[in-house]
Amino acid sequence: MTNKTHKHILLNAFDMNSVGHINHGLWTHPRDQSHRFNELSYWTELAQTLERGLFDGLFIADITGVYDVYQSNIDLTLRESIQLPSHDPTTLVSAMAAVTQHLGFGVTVNLSYETPYQFARRFASLDHLTQGRIGWNIVTGYLDSAQRLIGQSALKDHDLRYDQAEEFLALCYKYWEGSWESDALLKDKQHRVFTDPHKVHSIHHSGRFYQSEGVFQVAPSVQRTPVLFQAGASSRGMAFATAHAECIFIGGDQPDKIKQNVDKIRERAKQHGRHPDDIKIFVGITVVTAETTAEAQDKLAEYRRYASPEAGLAHYASSVGIDLSKYADHEVVPYQKSNSIASVNEKFKTQQITIQDLKDQHVLGGRYPLIVGSGEDVAKRLIELVDQTGVDGFNLTRTVAPESHHDFIQYVIPELQQRGRFKTAYNEGSLRQKISGHGDLLPSTHPVEQYRCSPSTHSFNLNQHEKITA
């Protein structure tokens, strides 16, 4: 019998439709192929690789705007390709879905620059085309450069962005869950009735941020609502995430702090009337692995020759909204209230962090926990993290692409499987069913329940219709 400490580990590849994503500078490595990110074959090959490795999903990050805080310009951002150029992630999904059967796709879309209707229609369409394998990573943005791109001067206040997100999501729920009854589609050629008119309902919404009136254009998809991902860690972000999200992405490298965060998330979920295990919690990690521990250390040393800690620092500077180029290596960075990623910026309030500390954390150009060793070493460390902290899985960043994913699949996955901690085959069903095991639709304990349409007391009388049209 499997108990909680012996659950299967969930695993997403963490990537972005760009050259540099988390671990910066490695695009210069001779074996790295990330410069091909604008070629469809790069992504279809990646999807097939991940499915061969039984990854649960590909989690695709995205930003609107550019990293222009460091040195108050984008020179380093352009030279090192720090998520610039970057392309729309939703354009990748259909092609990757066409060459896979099970791999899920969690796609980041910033709701601040979308209209709810067009967004909901696009993702419902993708849920149809993927046969229920689409997820949405909900973000509200943190870059002033994005606001300027759309013609506004600066970001809205942090908490106001979440107020808008609450209404955006409520309206999407109405479209996905409240416009069409589950049995509205008849597809009856004999009686010439494709859809039962009694079972399709208009949406009426008049809110603080959005107004909408009419029928949703997309019939119910497999999941109706895509699997909901979120990474809010501020007080307001945590309240939003624990109310709505099915998968929460957290940071952290110290097990005790990760566990505190996990316990807090589970407790907040209970306060919202949800089961604490309804939320799957993922930690971001970077792995360098090989056949032996010594070979893995050699590979890390090789990678470090190409990585750019300064590029990582420039990325981090925009995350916290502070120009870190102004400080010498030995200087402690003072806390400054900013409107960027609140949870990241809070570290400067509680810790004495120097620029050198940050550079040391960015040895591969990224700040996620770095695990180095043989497949056995890495597997043991991942299992320890899950059992010590209560997280459900990991978002695995790439280093040298696609080499790092091939290495992980070759060396780490078999070790996890031998220990009974990773699946040996996919379960059938939608992304939600694979992750939760409780079906294709959100449960009745989720806030979506209040937006679902009730079954109509009337249904279309095909026999009567036949008499009228005969």
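Buried means under 20% relative accessible area, exposed over 50%, and partly exposed in between, with a 1.4 Å probe and protein chains only. This is a predicted model: local features need pLDDT of at least 70, side-chain atom pairs count only at pLDDT 80 or more, and totals for chains, interfaces and linings use all residues. Residues are numbered from 1 along each chain as its sequence is written, and side-chain values use heavy atoms, with hydrogens and water left out.

**Stop 1: Phe 59 and Phe 229.** Select both. Each is buried. Rings of Phe, Tyr and Trp (its six-membered ring) pair if their centres lie within 6.5 Å; planes under 30 degrees apart are stacked, over 60 edge-to-face, the rest tilted. By this rule there are 21 aromatic pairs. Here the centres are 5.5 Å apart and the planes at 80°, so the pair is edge-to-face. Phe 59 sits in strand S2 (residues 57-61) and Phe 229 in strand S9 (residues 227-230), so the pair ties together parts 170 residues apart in sequence. Helices (H or I, at least four residues) and strands (E, at least two) are DSSP runs, numbered from the N terminus.

**Stop 2: Tyr 162 and Phe 240.** This aromatic pair is tilted: 5.5 Å centre to centre, 55° between planes. Tyr 162 belongs to helix H6 (residues 158-178) and Phe 240 to helix H7 (residues 235-244). Tyr 162 is buried at 7% relative accessible area; Phe 240 is buried at 0%.

**Stop 3: the cluster.** Select Phe 119, Phe 123, Trp 136, Phe 168, Trp 176, Phe 209 and Tyr 210. They form one aromatic cluster.

**Stop 4: helix H4.** Its buried residues include Phe 119 and Phe 123. After H4, find Gln 131: its phi is positive, near 55°.
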